[in-house]
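Open the model in your viewer and keep the selection tool ready.

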Amino acid sequence: MISRNMTINIPSGLEARPVALLVQVASQYESKIMVHSGDKQINAKSIMGMMSLGLAEGENLTVTAEGIDETEAVDHIERYLSSK
C-alpha cells in the first residue's frame with residue numbers, strides 16, 4: 001500500500017469536469033484507490049463520491065492505493081492534481 005499527501009492545484013478545484021477527469025485517471029488502474037479528506041474516505045473511481053468532497057484549489061488530501069499498479073496510480077493522480 002502507498003499513501004501520499006497532495007495539494008489541489010486545479011484553479012476550479014474539484015468540481016464536475018475535473019472530478020470526471022480524475023475518476024477517468026483513477027479508473028485506468030487495477031489498484032484500489034481511496035481519497036481521504038478530513039474524516040471522509042472516498043473511492044477515487046466513484047464520480048458521485050468524489051463530487052461529495054467539494055474540494056477547492058489549495059486544499060490538501062491524501063491518496064492511498066493498494067494493488068499491483070499502486071505507485072503508478074498515485075503518481076498519475078498527483079500529476080493530474082498538480083496541473084494548472
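This is a predicted model: local features need pLDDT of at least 70, side-chain atom pairs count only at pLDDT 80 or more; totals for chains, interfaces and linings use all residues.

Residues are numbered from 1 along each chain as its sequence is written, and side-chain values use heavy atoms, without hydrogens and water.

**Stop 1: the core.** Select L14, I33, M50, L61, V63, I77 and L81. Within the largest nonpolar core, which has 26 residues, these touch the most other members. Such a core is a set of buried Ala, Val, Leu, Ile, Met, Phe, Trp, Tyr and Cys residues joined through side-chain atoms within 4.5 Å. Two or more residues come from each of β1 (2-7), α1 (16-27), β2 (32-37), α2, β4 (60-66) and α3. Helices (H or I, at least four residues) and strands (E, at least two) are DSSP runs, numbered from the N terminus.

**Stop 2: I33.** Beyond four places in sequence, I33 touches A26, I42, N43, A44, K45, V63, T64, A65, A73 and I77. Contact means heavy atoms within 4.5 Å.

**Stop 3: H76.** Go to helix α3 (residues 70-82), where H76 is found. H76 counts as buried because its relative accessibility is 19%; buried means under 20% relative accessible area, exposed over 50%, partly exposed in between (1.4 Å probe, protein chains only). Leaving aside neighbours within four places in sequence, H76 contacts V25, Q28 and Y29.

**Stop 4: M51.** Finish in helix α2 (residues 47-53), which holds M51. M51 has 35% relative accessibility, so M51 counts as partly exposed.
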